[in-house]
Amino acid sequence: MSEQSKDLSDPNFAGEAPNSEMHDSPGVPVGVPPTAFPAATLAEPQSPPLGPTAAPQAVPPPQSPSDEGDPKALQQAAEQGCALRSLSPAQLGPAPPAPAQLVQKAHELMWYVLVKDQKKMIIWFPDMVKDVIGTYKKWCRSILRRTSLILARVFGLHLRLTNLRTMEFALVKALDPEELDRVALSNRMPMTGLLLMILSLIYVKGRGARESAVWNVLRILGLRPWKKHSTFGDVRKLITEEFVQQNYLKYQRVPYVEPPEYEFFWGSRASREITKMQIMEFLARVFKKDPQAWPSRYREALEEARALREANPGAYCPRSSVSED
Amino acid sequence: MHSSTRKAAAIMTDVHRRFLQLLMTHGVLEEWEIKRLQKHCYKVHDCNATVEKLEDFINNINSVLESLYIEIKKGVTEDDGRPIYALVNLATTPISKMATDFAENELDLFRKALDLIMDSETGFASSTNILNLVDQLKGKKMRKKEAEQVLQKFAQNKWLIEKEGEFTLHGRAILEMEQYIRETYPDSVKICNICHSLLIQGQSCETCGIRMHLPCVAKYFKSNSEPRCPHCNDYWPHEIPEVFDPEKEREAGISKSNRRSLRSRQH
């Protein structure tokens with residue numbers, strides 16, 4: 001099968017790939033969560049920090065263990081947003097508001113986001129600041145964090161930054177049983193885009209991917225083994241050590257090859273958390289092709305999906321029209 | 001009409017969360033739709049559990065929402081007594097829910113229409129009178145032709161109801177804005193003598209002037225051949241409407257929705 005040897009490095013794959021992926025609207029079916037390469041959207045406590053924070057930490061809010069992923073990510077994103085206002089340390093401005101006022105602002109923001117989503121309007125961070133947060137913009141981090149906690153706890157919705165460049169948010173439903181694993185994916189998986197790139201390469205090849213092939217693909221994204229990346233840091237360490245430790249990848253020596261070479265395989269955790277269909281959807285998005293452009297892989301993905309459905313009959317219930325969501 | 005708060009600890013499960021999500025998506029729902037929605041949420045998230053009684057179900061959710069200053073509010077449409085439900089924000093300013101949809105001059109047009117509705121005897125403001133106020137609007141200048149379309153947009157979005165060229169408030173608007181209206185129009189606000197809720201359209205006693213919602217009239221005078229004013233005991237001169245019966249409604253099918261120009265049933 002010719003597509004087995006097809007490399008992911010499509011010559012049409014433009015260098016701005018990380019950004020083009022971000023333009024998916026929140027409405028895109030979330031085979032893969034609409035997170036992009038910038039680590040701001042990715043939620044792992046050990047992910048490298050975004051950079052110097054300009055806004056002073058006024059209120060350190062408590063973190064709920066179940067949602068520590070998202071608030072952290074939003075915190076970093078909001079930090080960037082708030083940092084744009086560039087407050088100099090000299091002008092600290094008014095004293096921090098009472099906690100009750102911040103709580104109230106969080107409630108207002110919650111409603112604002114719900115209504116925007118109801119009207120299918122874009123939730124734009126600068127609008128949030130202008131319309132709701134106003135003079136509390138120094139504390140927008142904690143307000144945003146509280147708002148996302150409430151939305152998750154009460155509505156089961158995740159307030160997700162979907163486009164770091166344009167600072168657009170979206171409310172993503174977290175409860176569809178068919179999407180539960182994808183949510184687990186977005187909350188706990190590190191460097192989603194980067195990892196998926198590697199996993200899909202391995203999948204398309206149908207066997208292990210040599211390290212050289214992986215770097216060929218990553219080079220298109222501007223990543224090099226010797227260069228420190230502003231977001232990912234030491235990329236080589238990330239993919240050969242961290243992802244391996246987390247069981248998302250396996251990194252093994254190719255037998256009988258001199259000088260030594262290494263190849264990547266799917267890790268056990270990747271096999272548990274990511275479905276083949278998600279990989280197909282990722283490929284389709286990244287290469288703007290129909291998933292059936294990889295026919296045997298697509299067939300595999302369909303079979304896996306069917307097997308999963310049969311294994312979980314309770315999770316699949318038909319819906320009535322009033323619930324069209 | 002107001003949901004009672006229960007002090008019992010309520011647990012938010014995925015059933016409740018899905019319910020809230022979908023209620024928010026639809027904006028306002030009638031009782032039969034809400035019941036169907038509740039059943040659906042159970043089916044999706046907890047197939048085996050027994051479906052809780054709707055009132056308790058909603059009260060449980062509301063006890064969690066209380067601290068957020070929002071609630072699932074139940075109301076009754078003023079013209080034909082249909083129960084409706086909406087998620088309303090109790091804390092913020094009134095037109096906030098509309099604010100995301102409409103421009104400044106459009107919102108001001110709504111305010112002007114509301115002024116006229118509150119001032120009127122019947123609870124209706126004529127299209128002509130509203131359009132004549134177009135010059136006084138804040139924001140960008142609006143032509144009468146535009147204003148006509150904006151009024152239609154209000155009707156489509158279930159903020160106003162149009163009836164023969166006149167406009168009154170949709171049940172949803174009353175549900176969302178009751179508090180605001182009471183505060184903003186303390187002198188011209190009208191209250192129903194039976195349920196003591198805000199009254200926009202209804203019937204009034206010719207002698208003493210008390211007012212009653214049509215559905216309240218229907219319930220109060222049910223099978224009473226000689227209806228008399230509960231306040232002054234004078235003969236009640238108006239036609240007594242029928243009590244809203246959801247069962248009869250379903251048997252009759254959807255033909256009833258063609259009775260009026262209400263676009264409220266389209267979701």
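A: **A sheet and its surroundings**

Let's start with one residue pair: W124(A) lies opposite E168(A), which belongs to β3(A). The model is predicted, with local features requiring pLDDT of at least 70 and side-chain atom pairs counted only at pLDDT 80 or more, while totals for chains, interfaces and linings use all residues. Residues are numbered from 1 along each chain as its sequence is written, chains are lettered from A and ligands numbered from 1 in the order in which they are written, and side-chain values use heavy atoms, leaving out hydrogens and water.

β1(A) and strand β3 (residues 168–173) of chain A run antiparallel, joined by two bridges; strands are DSSP runs of E, at least two residues, and helices runs of H or I, at least four, numbered from the N terminus. Pairing takes at least two DSSP bridges between two strands. Three strands in the order β1-β3-β2 (chain A) make up an open, antiparallel sheet. Its edges are β1 (123–124) and β2 (157–163) of chain A, each pairing on one side only.

Helix α5 (residues 140–155) of chain A packs on this sheet and touches β2 and β3 of chain A, a contact being heavy atoms within 4.5 Å. The direction of α5 makes about 130 degrees with that of β2(A); axes are lines fitted to C-alpha atoms, for helices over the stretch in contact, and angles run from 0 to 180 degrees between N-to-C directions.

Just after α3(A), K120(A) has a positive phi of about 55 degrees.

As for confidence, chain A has a mean pLDDT (the predictor's confidence in each residue, from 0 to 100) of 68, with 61% of its residues at 70 or more.
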